[in-house]
Amino acid sequence: MDVDQTAGSSDTPQFAQRRADVLSELVRLFSSGKDALGLAEAAVELVAQATGAKSVFVYFWDQATERLVLRTVTHIDLALSLHQIQMKLGEGITGWSALHRKPVLLGGDITSDPRFLKIEEVDEDSYASVLTVPIYDEETLYGVFAMYSEREGAFGEDELAIAEEVGLLLASGLKRAETVHELELQSATARFLTDMPPAANASLPSTIREAAEKILRLLDADVCLINYVAWFAMSAEPIAVAERIEGTEQVRVWLTHSKQQARETEHRYEVGGYHQISMSLGHGVTNGFITCFRSRQFSKDDVERLNAIATQVGVLIENIGIAPNTAAQTMALLASDREDQMLESLKFLGWRGNGFVPVLVQVKRVGSDIEVFGREVRDAALSVFGTETLIVNSGTLVVVLVPHDQALTAEGIQQRVESWMLGLERSIGMSADIGVGQSTARTNSIRNSLIQARGALAWASFSSTRKAPGVVSYETIQTVRELPRLVSEFGPRVSTRCEQLRPLLAYDLQHGTKLIETVEAYALHGGSAANAADALFIHRNTLRQRIGRVNDLVTENLDQDTLWPEVLFAARVLRLEASNI
């Protein structure tokens with residue numbers, strides 16, 4: 001190794017023995033698994049005793065801040081502010097040694113060296129000799145090992161040799177520690193959910209409290225906030241804050257329902273110059289976010305680690321405590337065939353045992369963020385249907401249980417639902433299909449009322465269009481509720497007729513004619529030219545001319561053998577298709 005040197009030598013048998021003793025002890029500590037900082041602490045005392053150095057310092061390289069940071073000193077120098085004494089690469093003799101990956105050996109008048117940098121906390125006027133050795137391997141700089149003495153020419157080749165060997169041992173220890181630490185962090189990240197104590201899974205508050213503290217410690221952050229955003233919370237969800245108590249390793253964890261208080265906490269760290277990273281909770285749809293602040297800059301690995309943890313925490317919240325039980329109980333309510341199980345689910349969800357009208361809402365589109373969406377849906381429902389209304393959700397399916405009102409008819413309920421949806425479409429751009437069942441006071445069965453609402457929702461989804469979302473009440477489909485089954489049986493034949501009549505649609509669009517409308521009226525009246533002409537307010541000859549044009553364009557003529565119901569449905573389908581073009 002090249003060395004910048006102005007010094008003497010202390011090559012004696014006694015020194016050689018002390019050198020061997022130092023290295024032997026450090027090798028023993030290294031082999032026993034001593035951590036890198038512990039190894040450095042042992043090295044400064046052993047080297048000081050072996051070489052007669054007054055002070056021995058170890059600086060570690062902090063990649064995040066790009067500074068050499070004083071981490072370990074001899075006992076005589078413990079009054080120094082560890083972590084506070086920092087320097088850039090190239091600054092001072094120590095920084096020069098790190099930058100150039102070369103030892104520096106000065107035997108006198110070190111303050112006159114052009115590389116010298118005055119550090120207020122260190123009484124450097126008492127030092128006459130200095131020896132610095134970079135701690136590094138082929139790829140990475142780990143820090144600098146520095147020795148100081150009051151005697152001129154105190155350090156020579158032997159001291160340089162021992163310092164270099166100690167530097168190599170420390171580099172190996174730091175590399176091992178770095179690898180082990182990274183593996184531990186990766187393992188802790190992967191085990192984040194499984195390492196959560198069972199008690200933390202009991203509720204949302206306990207879950208986010210425990211998660212916030214674990215994230216803070218895992219990222220070595222100064223503060224961590226978890227803000228979970230529920231879709232339909234009847235009150236503001238708690239925000240968890242884990243915050244280090246300044247000057248200690250203790251962590252204070254607290255909950256607040258005030259977004260203003262949480263924002264003030266964030267602002268305090270923002271104006272303090274702390275570095276910040278944030279991640280959305282969950283996967284796909286955002287359910288809130290995690291925000292961390294740290295005095296040191298976060299690394300790319302920290303960001304990736306928080307991303308992985310945020311996904312896990314989002315899944316955890318959605319599958320335990322308040323949110324997951326709500327989703328699970330909502331699904332149990334809708335899927336169960338047993339009245340007693342439905343009753344248990346309703347009690348869990350907060351139902352008070354009164355009669356209700358079930359309203360099922362399948363959300364198709366929302367034009368706002370999820371927090372605004374949930375608040376607007378809840379507030380509007382409570383305003384339209386009353387404060388006793390129960391609102392829960394599972395994914396994009398929203399269940400609204402409207403308290404039974406004897407004075408309110410089924411038509412009145414549907415009008416309120418339509419008014420509710422119209423307001424939401426205007427305020428947040430929401431589009432949905434809605435099914436309304438009969439009141440449980442009328443059916444005397446929770447199960448039957450919910451089955452009716454599910455059937456009405458299926459009908460709404462079946463019949464709605466992108467431009468006209470469906471609101472269907474069971475009252476309006478009760479007598480024809482089996483019609484979709486007939487449509488399914490009739491569908492293939494109607495589909496064939498659609499393809500036969502499709503050239504008429506293209507002809508109408510190109511020439512501005514009304515052949516499809518004519519065929520629909522002709523089929524509706526069973527092939528009667530007189531009745532169809534009267535319905536269209538045209539002359540019979542005009543009708544016959546149109547039917548002649550139709551027969552020219554289709555592959556199968558319309559005549560007395562035609563199955564008119566198939567033609568009627570096909571023509572109606574094509575007309576609906578044309579209205580959406």
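In this predicted model, 5 strands form an open sheet of mixed pairing, in the order β14-β15-β13-β16-β17. Strands (E, at least two residues) and helices (H or I, at least four) are DSSP runs, numbered from the N terminus; two strands pair if DSSP finds at least two bridges between them. β14 (390–394) and β17 (471–473) stand at the edges with a single partner strand each, so one side of each has no neighbour in the sheet. From one strand to the next, the twist averages 15 degrees.

β14 and β15 (residues 397–403) run antiparallel and are joined by 5 bridges. Within this pairing, I391 stands opposite V400 in β15.

| Helix | Strands touched | Angle to β16 |
|---|---|---|
| α11 (residues 410–428) | β13 (356–365), β15, β16 (431–436), β17 | about 165 degrees |
| α13 (residues 446–463) | β13, β15, β16, β17 | about 140 degrees |

Contact means heavy atoms within 4.5 Å. Axes are lines fitted to C-alpha atoms, for helices over the stretch in contact, and angles run from 0 to 180 degrees between N-to-C directions.

On the surface, F462, V480, L483, L486 and V487 form a nonpolar patch with about 430 Å² of accessible area together (Shrake-Rupley method, 1.4 Å probe). Helix α15 (residues 483–511) gives the most to the patch, with 3 residues.

Residues are numbered from 1 along each chain as its sequence is written. Because the model is predicted, local features need pLDDT of at least 70 and side-chain atom pairs count only at pLDDT 80 or more, while totals for chains, interfaces and linings use all residues; side-chain values use heavy atoms, leaving out hydrogens and water.

Definitions and conventions
Patches are made of residues with over 30% relative accessible area and no salt bridge: like charges are joined within 9 Å, nonpolar side chains (Val, Leu, Ile, Met, Phe, Trp, Tyr) within 5 Å. A salt bridge is a side-chain nitrogen of Lys or Arg within 4 Å of a carboxyl oxygen of Asp or Glu.
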